[in-house]
Amino acid sequence: MASVMPPPARNAMAEAQQILCPNCHKPNLRRANFCQHCGQDIVLNNPGPRYYITRVIKEGGQGAVYETLGDDGKVYAVKEMLDRFTDPKEEAEAIERFNEEAQLLKRLNHPRIPRIYASFKDEERQYLAMDFVRGKDMEDIIRERGALPEAEVLAWADQLCDVLNYLHNHRPEPIIFRDMKPSNVMIEPDGGVKLIDFGIAKVFQRAQRGTQIGTPGYAPPEQYQGLAAPTSDIYALAATLHHMLTGRDPRDEPPFSFPPVYGLRPSVSRRTSDAIGKALQMKPEDRYQSVAEFRAALRPLPAPQPQVRRAPPTQAL
């Protein structure tokens with residue numbers, strides 16, 4: 001998903017030699033209206049531009065993301081909620097979360113968050129159309145490169161702190177992301193960050209218990225009790241940075257166990273390691289209480305300025 005300027009309409013239309021069926025994902029001719037394999041309507045109909053799937057970007061248990069071409073000639077990412085539920089209650093809850101994500105994203109305006117253009121239903125399937133983000137997600141980058149250089153991680157961390165600070169100070173209501181992890185961090189070709197997948201983000205209501213939801217390894221203890229707060233996002237960001245700096249995947253380790261970064265990678269500064277360690281404290285009150293505090297602790301100290309030796313004043317004779 002996301003925001004690089006799409007090619008002109010004429011070129012984009014010419015490049016799309018084939019389109020994929022929304023149902024079976026098999027290729028069809030660009031001019032087709034129905035799938036030659038399963039007979040499904042091949043066009044994603046929407047009150048605005050209609051969309052044609054050109055590539056499956058990612059597919060998981062509950063959702064899929066497609067690269068699509070709109071009939072306005074622009075490239076979009078379209079997210080589908082995969083309805084594989086057997087329990088009607090679970091299905092209703094999933095549809096409600098999907099629609100809440102659409103409404104939430106419509107209220108947000110930040111350069112690190114993909115814009116949403118449409119939410120719609122087609123052939124009994126739920127879709128969101130949003131910016132197409134070119135790049136790789138952080139999980140793939142770690143898988144390819146292993147532990148990442150400190151300076152590079154801190155540059156990305158600063159951008160992530162910026163977007164979390166925007167969410168936590170959003171008006172009229174603060175928003176808790178609740179799912180910070182490497183696979184939800186997209187890195188664009190120019191090094192810019194995009195935060196994706198707001199499927200479980202929620203408006204923060206102090207002292208109100210919510211859904212027990214999150215990603216094991218990255219979510220803090222209180223989130224499993226339904227008590228997510230801004231400090232919960234700080235913990236999850238620290239867990240993500242720990243993974244980036246060490247290559248150690250917290251999902252493969254005992255719950256809530258994070259050895260100091262400098263113990264695993266002595267090349268990482270003690271300052272960075274200590275900042276991440278504080279943000280990973282089990283008790284929310286022992287962590288940084290705002291993203292701004294964590295951001296300041298992560299930013300490298302400015303280099304000392306060289307002392308200029310002044311010549312003693314001359315005395316008049």
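**Briefing: pockets, helices and selected residues**

In this predicted model, strand 3 (51–59), strand 4 (63–70), strand 5 (75–81), helix 2 (88–106) and strand 8 (136–137) each give at least two residues to the lining of the largest pocket. Helices (H or I, at least four residues) and strands (E, at least two) are DSSP runs numbered from the N terminus. The chain has 8 helices and 12 strands. Of its 317 residues, 48% count as buried, where buried means under 20% relative accessible area, exposed over 50%, and partly exposed in between (1.4 Å probe, protein chains only).

Residues are numbered from 1 along each chain as its sequence is written, and side-chain values use heavy atoms, with hydrogens and water left out. Because the model is predicted, local features need pLDDT of at least 70 and side-chain atom pairs count only at pLDDT 80 or more, while totals for chains, interfaces and linings use all residues.

**Largest pocket**

- The largest pocket holds about 910 Å³ of space; a pocket is an open set of points on a 1 Å grid over the protein atoms alone, with protein on both sides within 12 Å along at least five of seven lines.
- Its lining has 37 residues, and Lys-58, Gly-63, Val-65, Lys-79 and Asp-197 are the closest to the pocket centre; a lining residue has an atom within 4 Å of a point.
- The lining of the largest pocket divides into 14 nonpolar, 10 polar and 13 charged residues.
- Ala, Val, Leu, Ile, Met, Phe, Trp, Tyr, Cys and Pro count as nonpolar, Asp, Glu, Lys and Arg as charged, and the others, Gly among them, as polar.

**Cavities**

- The whole structure contains 3 cavities of 30 Å³ or more; a cavity is a set of grid points where a 1.4 Å probe fits but cannot get out.
- The largest cavity has a volume of about 50 Å³, a volume being the space filled by probe spheres set on the points, which are joined across faces, edges and corners.
- Of the 11 residues lining the largest cavity, Glu-101, Leu-105, Met-130, Ile-196 and Asp-197 are the closest to its centre.
- This lining comprises 8 nonpolar, no polar and 3 charged residues.

**Helix 7 and helix 8**

- The axes of helix 7 (residues 270–279) and helix 8 (residues 291–298) come within 9 Å and cross at roughly 160°; axes are lines fitted to C-alpha atoms, for helices over the stretch in contact, and angles run from 0 to 180 degrees between N-to-C directions.
- Helix 7 and helix 8 are therefore roughly antiparallel (under 35 degrees is roughly parallel, over 145 roughly antiparallel, 65 to 115 roughly perpendicular, the rest oblique).
- From helix 7, Arg-271, Thr-272, Ala-275, Ile-276 and Ala-279 meet Phe-294, Ala-296, Ala-297 and Leu-298 of helix 8; contact means heavy atoms within 4.5 Å.
- The residues of this contact divide into 7 nonpolar, 1 polar and 1 charged.

**Selected residues**

- Cys-24 is in the loop between strand 1 (18–20) and strand 2 (27–29), and counts as partly exposed because its relative accessibility is 27%.
- Not counting residues up to four places away in sequence, Cys-24 touches Cys-35, His-37 and Cys-38.
- His-243 belongs to helix 5 (residues 230–246) and counts as buried, at 4% relative accessibility.
- Apart from neighbours within four places in sequence, His-243 is in contact with Ile-142, Pro-182, Tyr-218, Arg-248, Asp-249 and Pro-250.
- Lys-181 is in the loop between strand 9 (175–176) and strand 10 (185–187), and is buried, with a relative accessible area of 17%.
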